[in-house]
Amino acid sequence: MQLSINWLKSYMDLSDITPAILRDKLTSAGLEVERIEQGSPATGLTIGLVLTCNPHPDSDHLKCTTVDVGSTVLSIVCGAPNVAAGQKVIVAMDGAVLPQIVIKKSVIRGQQSEGMICSLSEIGVDASMQSEAQLAGIEVLSKDAPIGGDPLAFLGLDDTILEISLTPNRSDCYAMWPLAKEIGAILDRPVTLPDCEGAADIGGPTSLKVASEAKGCPTFLGKVIGSVTLKPSPDWIVKALHSYGVKSINNVVDISNLVMLETGQPTHFYDKDKIPLRQITVKDNIAADYTALDGNTYSCTPGDLMITTGDKLIGFAGIMGGDDSKILDTTTGIIIEVASFDRVHIRRTSRRLGLQTEAAVHYQRVMEPLTPYKAMDRCVALLLQYADAKEIEATAIYGIKPSGELKLLTDEKFHNKLLGTNFSLEEITDVFRRLDFKPVVKGSQVELTIPSYRSDISIQPDLSEEIIRLLGFENITSTLPVLVSKEGGLSLDQKKREKIKDVLTGYGLQEVINYSLVNRSFINHPTWELGEAVELANPLSEERRYYRTSVLPSLISTALYQLDHYQDEFALFEIGDVYYEPMEKQERLSIILSSNVDLSLWQKAALQNDFYRIKGMVAGVLSELGFGQNRVFFKENIEQSEYFHPGQSAAIYLDKTFLGVCGMLHPKLEIVKQAGALGAAELDLSAIFSAKASAIRYQPIPRYPGIQRDLALLIPQSQSAGALINAIYKTGGKLVEKAEVFDLYTGKGVPDGQKSLAIRISYQSYEKTLVEAEIDVLTNTIIERLQRDFQAQIRS
Amino acid sequence: MQDWQAFKQQWETACDSIAERSDLEKLKVELLGKKGAIAGLMGQMRDLEPQERAAFGKEVNGLKDYFTNKIETISQALENKQLQASLAEGSLDISMPYTRIPRGRLHPVSIVRRQLEEVFISMGYQVVEGPEVELDLYNFERAGIPADHPARDMQDTFFVDVQRLLRTHTTAIQTRVLEAQSNNLPIKVVCPGKDYRRDDDDATHSHQFSQMEGLVVGEGITMGDLKGTLELLAKRMFGESRTIRLRPSYFQFTEPSAEADVSCFACGGKGCSLCKGSGWIEILGSGMVHPNVLEMAGIDSSKYSGFAFGAGLERIAMLKYGIEDIRNLFANDLRFLAHFNRFE
Ligand SMILES: [Zn+2]
């Protein structure tokens with residue numbers, strides 16, 4: 001909302017208040033002032049009368065003028081095409097400072113020039129505020145401009161505008177009158193608004209009939225003003241409109257615009273001769289094409305509120321009137337329309353048509369029910385005063401006039417309890433006096449009459465807010481809640497998530513956060529298939545149409561970003577949600593690792609991120625959460641997703657629950673083509689969180705020496721070392737403390753289709769010293785099992 | 001008569017000329033060995049008169065002790081010399097680069113979230129999360145924003161269908177908490193999470209962002225409790241000398257509502273570019289929970305009251321670390337992320 005200080009001054013005394021102080025007071029009371037804007041910054045201007053205007057002897061387009069500026073007569077060379085003797089003009093005197101230039105006496109092509117005759121642009125008026133003629137040349141002031149006077153004051157350009165950001169509950173302040181009342185309450189000083197209540201109650205019998213067949217129009221007032229005189233508006237109206245960026249057209253159109261600025265109520269004036277039927281009906285069941293006042297043709301559909309007369313459409317209600325009934329220079333009488341329209345209807349229609357007119361914007365706010373009546377009073381009063389209104393007919397009314405004012409009973413106790421303050425009944429009563437809530441003390445309580453424009457006030461906490469914003473939050477003493485204590489903290493799942501983050505950052509991984517919304521290509525190939533993606537009905541772009549169904553694709557694009565920016569070493573993880581229809585949610589962890597991470601260039605040391613490293617990270621995370629290798633299984637990745645190398649990836653299981661996939665990315669992926677082999681993983685954290693972790697159980701340190709046996713085996717390529725190790729544990733029983741691979745070799749010396757595997761078995765008893773012979777027997781049993789089940793051959 | 005003086009002098013000279021351990025060993029044998037010089041002297045004892053033997057033996061033993069000590073001292077000196085030589089040989093150029101220990105870090109938004117969570121957990125708050133694909137019911141209706149409320153325009157929403165949308169604020173978590181705990185008061189929670197709004201991304205807007213909102217509901221909760229809580233938060237997050245200022249505002253969820261500013265931590269309140277000269281930085285929105293919101297959740301608003309507040313995590317991270325463009329927080333450029341690398 002823009003607030004003209006000059007306009008505000010017509011309602012209240014502001015002589016002791018600077019714009020900066022006003023800004024601070026308004027802001028601390030909840031009307032946040034975002035900006036203070038001065039009209040024209042130019043100095044050294046005066047109003048002059050052009051006495052003579054002759055061609056410049058040495059120029060085709062320059063003119064030599066003499067200008068009376070009151071105190072003296074100046075010679076000025078002027079280049080404007082429209083300058084002429086007899087004009088009142090804006091003169092920038094010697095030393096004047098304009099936005100682009102400082103004026104100095106000079107000689108122009110041999111002729112003395114003691115100042116400059118200015119256009120509006122030259123004194124800093126925005127082009128959008130000017131007509132074609134104004135843009136083309138110097139500004140010609142009206143005849144009544146006082147010679148030697150201040151042109152900025154004369155044009156209303158000496159004004160200061162405050163740009164106020166209003167909260168949605170205070171949409172009443174989008175109009176000058178309620179805003180002035182509000183400022184009066186904040187500053188605690190009287191506000192005098194024009195008194196025109198009842199001005200529309202005049203007029204003889206009317207032939208006009210108004211009605212609404214639509215639910216979205218509760219009130220419709222119509223009034224015939226049989227005769228008006230079109231002429232320029234008085235100066236104060238021109239200035240008032242100007243301060244809101246509205247161009248003056250003529251007195252009648254200006255009055256309609258002014259009343260909207262004053263009351264917040266849009267009005268529409270029709271040329272009365274274009275509505276001979278004298279019948280106006282609001283309908284919402286019409287489908288037709290319609291040419292509006294702007295000359296464009298729009299199609300209306302059922303649901304749009306339309307103004308009709310007989311079978312004829314004459315306007316999109318609350319948005320824009322029709323071309324064929326608008327006020328023209330030939331208009332001699334008008335019909336005033338003041339109505340309330342449902343803001344949802346207006347919003348829907350204006351959005352569809354792409355027509356955000358001033359009226360539509362006003363209608364989309366919460367409006368008080370009495371504004372149509374106030375606006376009609378104001379229109380009539382102004383038309384009588386400035387447009388010679390005659391042949392006035394009584395107001396035709398559709399709808400019931402609302403009673404308007406709400407009564408509330410309150411006391412200081414409620415507010416002190418909610419706010420934590422210590423105000424007296426007198427103090428809060430005084431706040432309500434400032435707000436014009438007409439407080440009447442009744443015993444220990446006070447009765448309030450809430451003005452109709454404060455439709456945001458209906459319950460006690462609304463009053464608490466009025467009290468605290470006008471008396472100041474500094475009256476609140478800081479305390480901390482005193483409550484039955486409850487245990488705070490993270491939930492178990494949240495603690496596990498934080499643990500995972502700490503483990504991974506400890507492994508050297510950087511956390512990233514990507515957008516959850518992705519394009520089609522991200523969801524075409526999820527890491528594993530669960531269902532349809534959640535699709536937005538109103539995406540901003542195709543890039544952000546779906547909620548992601550896996551996190552890995554986002555991480556791959558993050559990795560591609562790093563490559564594009566010459567960062568070819570990375571180790572990243574992201575934790576985030578994925579969604580599937582219908583409303584299935586999983587929390588996921590995804591990891592991506594570049595093939596190498598240099599540790600020391602000169603020592604030629606690097607971390608190699610191969611399959612076994614990503615496998616180790618996954619096992620490490622799970623182990624930290626209490627899932628040891630007896631519960632975690634890496635199995636063949638039968639999902640065969642787009643993302644993973646089929647022979648270098650594994651499906652991960654916790655007991656029998658599928659957790660996700662880890663391994664090397666598929667060589668056909670662009671990222672692998674660019675960056676080489678990359679390790680990656682995606683895990684379902686929700687499944688991990690819901691599994692029960694194994695508890696820590698203490699086992700005494702063995703007191704007896706252990707025995708080790710190394711086996712050198714040849715087994716077929718197709719046999720897995722993991723299964724073989726498991727078989728050793730099973731066969732060896734509790735004496736096998738550990739069985740691990742310490743060498744894997746294929747190639748020279750190993751027959752085709754075979755691999756050489758070296759395994760160390762550590763035997764340990766917690767009860768006695770082991771006997772060699774006993775271990776030899778057990779080892780042989782293990783070997784027999786491996787020969788039988790794994791076609792293993794013992795190498796000597 | 002034995003010339004003790006000459007014997008000692010002779011071997012003393014031999015000892016002093018030793019430079020290598022092998023020479024020392026050889027000397028040790030020649031002097032102290034079974035067939036060495038000292039042993040030779042001992043052998044002469046047999047030829048002496050019994051009354052002379054005691055004095056002679058005393059002299060020999062004195063020499064033996066003397067040279068045993070001397071050789072040991074020389075041995076240690078040699079060992080020490082050798083050690084010094086090997087240390088000198090093993091000296092490194094310690095100015096060469098160290099072996100990098102890969103370090104991972106949290107994303108700055110996660111860092112800020114953790115810091116805030118820690119502040120509130122220490123005050124006894126639970127941390128509660130909720131779904132990002134949310135029902136209109138919890139995101140709007142229960143937050144006091146019915147259909148066609150103008151406030152819905154302020155938060156342009158990504159819809160999935162008539163009932164479902166992407167959460168526009170973490171208030172949606174609070175309305176769920178209110179419903180779930182209406183029979184288990186008091187409530188004392190913070191609700192962190194991602195939100196989405198239909199905004200074009202630019203330096204200060206992002207269609208995805210994170211918030212943390214807090215909610216306390218119980219008997220006798222006042223706006224003073226809110227103010228005290230926010231003050232504590234400002235001090236813990238931005239330093240002990242911070243103060244806060246409340247300004248009236250409007251949120252559908254609360255009445256009265258207030259915007260909270262924290263005194264500028266860059267200039268201390270004098271005015272600078274960060275606070276745009278005002279000395280204050282807008283940090284969060286807050287207020288007393290609207291009675292209708294309590295009633296919709298089945299909580300008696302005449303008996304219970306509460307406060308709520310909410311802050312944008314990206315905004316706090318940007319203020320704290322001087323990040324000028326919110327898109328930096330989603331680009332995940334490693335050169336950017338590498339800054340957030342230390343204990344605070
Ligand atoms: Zn500052």
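**Pockets, cavities and local backbone features of the predicted model**

The second largest pocket has a volume of about 1900 Å³. The structure is a predicted model, in which local features need pLDDT of at least 70 and side-chain atom pairs count only at pLDDT 80 or more, while totals for chains, interfaces and linings use all residues. Residues are numbered from 1 along each chain as its sequence is written, chains are lettered from A and ligands numbered from 1 in the order in which they are written, and side-chain values use heavy atoms, with hydrogens and water left out.

A pocket is an open set of points, on a 1 Å grid over the protein atoms alone, with protein on both sides within 12 Å along at least five of seven lines; a cavity is a set of points where a 1.4 Å probe fits but cannot get out, and lining residues have an atom within 4 Å of a point. Grid points are joined across faces, edges and corners, and a volume is the space filled by probe spheres set on the points.

The lining of the second largest pocket comprises 38 residues, and A:Lys615, A:Phe634, A:Ala721, A:Gly722 and A:Ala723 lie nearest the centre. Among the elements of chain A that each supply at least two lining residues are α17 (611-624), β34 (632-636) and β39 (736-745); helices (H or I, at least four residues) and strands (E, at least two) are DSSP runs numbered from the N terminus. The largest share, seven residues, comes from α20(A). Domain 5 (492-690) and domain 6 (707-794) of chain A each contribute at least three residues to this lining, the domain bounds being taken from an automatic or database domain assignment. By class, 17 lining residues are nonpolar, 14 polar and seven charged; Ala, Val, Leu, Ile, Met, Phe, Trp, Tyr, Cys and Pro count as nonpolar, Asp, Glu, Lys and Arg as charged, and the others, Gly among them, as polar.

Three cavities of 30 Å³ or more were found in a search of the whole structure. The largest cavity, with a volume of about 130 Å³, is lined by 16 residues, including B:Leu233, B:Ile283 and B:Ala311. Its lining has 16 nonpolar, no polar and no charged residues, and α9(B) gives the most, with five residues. The second largest cavity holds about 90 Å³ of space. Its lining includes A:Arg170, A:Glu465, A:Arg469, B:Pro248 and B:Tyr250, and divides into four nonpolar, four polar and four charged residues.

In helix α3 (residues 37-44) of chain B, B:Ala37, B:Ile38 and B:Leu41 are buried, buried meaning under 20% relative accessible area, exposed over 50% and partly exposed in between (1.4 Å probe, protein chains only). These residues lie on the same side of α3(B), because they cover an arc of only 105° around the axis, as given by the directions from the helix axis to the C-beta atoms. The buried residues of α3(B) pack against α1 (4-16), α2 (21-32) and α4 (50-89) of chain B, where contact means heavy atoms within 4.5 Å.

Two cis peptide bonds may be described in chain B: B:Leu185 is joined to B:Pro186 with omega about 0°, and B:Glu255 to B:Pro256 with omega near -5°. B:Pro186 lies in the loop between α8 (171-180) and β4 (187-196), whereas B:Pro256 is in strand β7. Positive phi values occur at B:Lys276, about 55°, and at B:Asn332, near 60°. B:Lys276 is exposed, with a relative accessible area of 77%, whereas B:Asn332 is buried, at 0%.
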